Structure formats: structure tokens, C-alpha cells
Amino acid sequence: MTDDAAKAAAAKARDGLQAELLKAHAAGDGALLVQLYTRAAALAVAAGEPDRAGFYRTHAWIFALECGHPDAPALRAALAAEGRVD
Amino acid sequence: MCAQSSLSDVLKPIADARGLPNDHYTSDALYHEEREPLWFDTWAGLCVAAEIPEPGDAKPFDFLGVPVFALHGRDGVIRVFQNICRHRGMILVTEPRKIEGAIRCPYHSWCYSHQGRLVATPHVGGQGQNSHPDIRREELGLIEVRSHVWRGVVFINLSGKAAEFTELHRELIARWSEFEVPVYHGGADSMFQLECRTNWKLAVENYCESYHLPWVHPGLNSYSRLEDHYNIENPGKFSGQGTAVYRQIKDDDGSVFPDFPGLSDKWDTAGEYLTIMPNVMLGVQRDHVFAIILEPRGPRTTLEHIHLFYAAPDTSENLRRKNAEQWRLVFVEDIGVVEGMQAARGATGFDGGRFSPVMDGPTHLFHQWVAQRLTDTRQAAR
């Protein structure tokens, strides 16, 4: 895959994720938001964008806290390991 | 200061006393002045525990202009918090709902535990940076309001200045010690609300005495005659009335509600009806008890929240409905009286009225409680 093709594929993935996030927000589906923001963080990591990844992981953590999701402690631990929460 | 405020007349012995002046029922300024001494500095009823029956259940309330919410925590403890985020002061809970995990502020998503601890401050140190040395989470938990659950009613002491609930109401708890057993809210068919165009104090006054019964509730007299009632007076804490001829309600097949266990013979035919000042009107009888929580909505409007409780969790639905309807009819009959007294508080010639030294003792005690607490607060402010 060429660089251009890879960028186009990544952009498509982000657009698809954006649409899913909007739906999940509209539905108030906390567990799905955790899953989607976690995926967004992974994409950002793959794209070499750690700050963007931290932003998404923060959102995954907050929605995990809100809905009592079992991933909340692990998400917090990941943020703490990156120096993003005390 | 209101020109009609002559509280010294209220504080006289009953034979010479007059009631509270008109403006204590109509004035926005006095309504506001009452908040601290009559409501915030003592234990007032907020709701019943049955309104938040399961862990995670939360419900917001407007407590005389102060937004609060009650939460049935995952640890099983019912707590009350001021309904405000410590960040930018956003309301946290806007409608009754289930809170499975953290209480998340809808504005910037600060999150609080069910114990009120601040657990997350997203982006507070910049994007993806969720801590900042100047935002000390340990100092920024929710503002918890002192609360105490008694007989299924959630009481709060907003200012934190009152004595412990069990100390303040030691005499009442002792008086009704035989009823210190589990009570079971009857559920949706055993709660109803009545909106009254009246000041909350008139609802209390009407509940304090029994000799309006033959005039206002003629139907009650078939089983509750005037001479079978007695006054109950405890200055500064509670007042009301009792009856010696309570009769159980019966279902179409003659069945009755189960009794509370272990009651003495007195309660075979006794019933007692008291107001815990300021706003919780309670009734106890052998087979069911009730609580009326008064919610003032300004000086001229009061919402009465009525809740019926039983000795067992699985009582007859038909009988519960019949019982709720019976009480609804009684309380609706009272609306005409309390609204009539409210309307009459516009009469410029009214001087607060008089009290029957024989029959109006509990009502006078309530007036005295109001007048004394207002007087003490005014004197302390000088």
C-alpha cells in the first residue's frame, strides 16, 4: 500500500469511527463509547499521535467511570503510566 | 423588616397569645427569612427512601431553593448532596435516574464517586492531562448534606448545626418505640401528591388538632369521634393529636392488613398523628403508618407528598388502593380549609387570631416554635 493509500484508509477509518461515536453519544450508550474511544486511542497511537491518543483514552476512562465499566481501572492505569493522571 | 411582625404576641401563654401575623403566610421576604431557622438549622423531611429504592437510584430536589439530590449508593447507604459540581457550579442531576458508576458532570465531566469523592478531572491540566497541582481532588468532593433515615423518611439538616437526629427527637422515638420495626412502603399505589394553594404552615396547623374533624371530615366521625382524641405536645419538637378509637380498614372479604409485630394492647384502637417540625406529618396505627412531607413552593403554594407504609412487603394491592383512596379523600377535604385560611390572610383586620386554651395547644406550640426560632435568629443578627 502506498503512503497515500494508507492515509486514505486511515482517514476512512476515522470518519467511520466518528459516525459511530456520534451515534453512541446520541444513544447515551456508555459501554459503546468506552469501546469506541478506546479504538480511537489505538488508531491515534498507530498514527504516532500520543496527545490525541491521550485525549481519546481520557474520554474512554470518563465514560467507563460513568457507566461502571470494568475497563475503568485499566484505562486509568494506562493514563497514569503516561503521566496523564496522578 | 415586615411591619406586621409582632412575634411577641405569639410567644405569650396560650390564653393570651395570638397567631402569626398575616405576612408570615404571604410575604416572599419572610418566606426567605424562615429558611435558615425553620428549615436549614434543624432536621427537615426531604423525601422517602422508597423514592430511591435501589443502589444507583438518584433523585433531585429543590429544597427551598437549594438544589440537592439523594443517592442510594452502591454501598447501600443513602446520602444527600448539594446538587452542584465543584468545578463551575453546574447542576449534576436534573431528573430521577440510575447512576451506575460515577456521577459525571454534564459540563466538563468532572466525576464523583457515590460517596461524593472527586475521582476525575479530565483535561484539567490541558488536553489529555487529567491532573493539575492546583486542583486538589481531595478538597473538591461533593458537598454532602447531613441526612438521617427514620421510619422510611429521609431527613436532612442542611446547615449541619442541629443536634443528632436521634438526640433531638429522643422523646418521639421513645414514644413510638413500639413501632421501631421495619416498615414497607406500599409502592406506587401508596404514594400521591396534593398541591395546595396555601403556605406550608397552614398545612401543619390543620394537622395539629382534631376538633376540626366533625366539621371538615364528617365521614370520619363514624369511627373517630371528637371526645376520643387527645392532644400531644412537646414544645419545640413535635405536636399533634391522638385517637383512642382507631379502626382497621377492611377489604371486601373482611380481611385486614397485618399488624406491626409486638405492639401493646394500647395500639389495638389507638392512632397518633404528629408533626415533626417543620414539615413531616406522621401517623401511626396498628396496621399501617403514613408520612406527609410538605414541600413549600413559595409562600403561597405547598406540595404535599403522601406515603403509606405497611408491616409486610406483600400486602393486598386491593386493600392498599382502598386505604390510599380513603386517606386521599380525607386530605382533599383539608385542602379547602388550608386554602381558605390562606385566602383569608389577605384580610387587613386579621390580628393572628386566637387559640382555644383547651383544644389548640398543639397548634399554639407550632406557632411558638416558629416565632421563637425567628426571634432568636433576629436577636442573634443584631
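Trainee: What does the accessible surface of chain A come to, and what share of it belongs to carbon and sulfur atoms?

Mentor: This is a predicted model, in which local features need pLDDT of at least 70, side-chain atom pairs count only at pLDDT 80 or more, and totals for chains, interfaces and linings use all residues. Residues are numbered from 1 along each chain as its sequence is written, chains are lettered from A and ligands numbered from 1 in the order in which they are written, and side-chain values use heavy atoms, with hydrogens and water left out. Accessible areas come from the Shrake-Rupley method with a 1.4 Å probe, and for residues only the protein chains shown count as cover; for chain A the surface is about 4,800 Å², with 58% belonging to carbon and sulfur atoms.

Trainee: Which secondary structure does chain A have?

Mentor: Helices (H or I, at least four residues) and strands (E, at least two) are DSSP runs, numbered from the N terminus; chain A has four helices and zero strands, and its C-alpha trace spans about 40 × 30 × 15 Å along the principal axes.

Trainee: In what order do the strands of the open sheet in chain B run, and why is one side of E1 and of E5 left without a neighbour?

Mentor: Two strands pair if DSSP finds at least two bridges between them. The seven strands have the order E1-E10-E9-E4-E3-E2-E5 in chain B, with antiparallel pairing. Strands E1 (44-48) and E5 (97-98) of chain B stand at the edges with a single partner strand each, so one side of each has no neighbour in the sheet.

Trainee: How many bridges join E1(B) and E10 of chain B?

Mentor: E1(B) pairs with strand E10 (residues 153-157) of chain B over four bridges, in the antiparallel sense, and B:Val48 stands opposite B:Val153 in E10(B).
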